[in-house]
Amino acid sequence: MSPKNESVLAGFNAFLTRGNVIDLAVAVVVGAAFTNIVNAVVRGVINPLVGAFGTKDLESYSSCLKGPCEVDDAGNVVSGIPIAWGLVLSAVLSFLITAAVVYFLMVLPMARFLAKRAAHEKAKEGVQETLEISELEVLKEIRDALVAQRGPNSGPEAGGAGSPPKTL
């Protein structure tokens with residue numbers, strides 16, 4: 001294999017083994033299964049309930065755009081232009097139910113979790129800053145105590161310990 005092919009394969013392998021690609025694949029599979037559940041709820045519960053207020057199932061509601069719509073025995077439109085607005089309304093209801101479930105069962109709890117986590121991290125940073133400030137204050141007090149023990153003439157300006165000897 002050429003080095004270029006190896007680098008392409010290595011890049012592809014890195015892409016596949018990255019965690020978010022696998023998470024995405026799992027999300028697609030779970031989303032497809034969830035879509036089937038939502039569609040079943042809309043077709044099995046919502047559409048009949050809406051149809052109970054009318055004369056038929058929600059998905060079979062339609063209007064004719066041009067002239068009277070005539071349908072043959074097989075269900076094919078012979079004349080007119082039918083608008084199947086019941087199918088659109090059913091799809092909109094499916095979308096709204098899916099969006100509500102995703103928001104209330106996934107997005108909202110995750111947002112609350114991330115907010116709590118951020119608050120915890122911020123509190124931890126505040127404690128760390130307080131510790132650093134406390135350590136600095138303690139070190140300053142130790143320094144001041146050591147300077148006070150040496151006396152006023154023992155600092156570096158006075159030629160005390162730690163300063164180079166004065167030359168005449």
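Reader: Hi! Where is Gly86 found?
Author: Hello! Gly86 is found in helix α3, which covers residues 85–150. Keep in mind that this is a predicted model.

Reader: Thanks! Is Gly86 buried or exposed, and why?
Author: Gly86 counts as buried because its relative accessibility is 0%, and buried means under 20%.

Reader: Okay, and which residues does Gly86 touch?
Author: Leaving aside residues up to four places away in sequence, Gly86 touches Leu58, Glu59 and Tyr61.

Reader: What about Asp57, how many Å separate its C-alpha atom from that of Gly86?
Author: Those two C-alpha atoms are separated by 8.4 Å, while Gly86 and Asp57 lie 29 residues apart along the chain.

Reader: New topic! How many disulfides does a search of the whole structure find?
Author: The search finds 1 disulfide. It joins Cys64 to Cys69, with an S to S distance of 2.0 Å.

Reader: Last one: how many helices and strands are in the protein chain?
Author: The protein chain has 3 helices and 4 strands. Along the sequence, they follow the pattern α-α-β-β-β-β-α. Of the 168 residues in the chain, 8% are buried.

Conventions:
Residues numbered from 1 in each chain as written. Predicted model: local features only at pLDDT ≥ 70, side-chain atom pairs only at ≥ 80, totals over all residues. Heavy atoms only, no water. Helix = DSSP H or I, 4+ residues; strand = E, 2+ residues; numbered from the N terminus. Buried < 20%, exposed > 50% of the residue type's maximum accessible area, 1.4 Å probe, protein only. Contact = heavy atoms within 4.5 Å. Disulfide = S-S within 2.5 Å.
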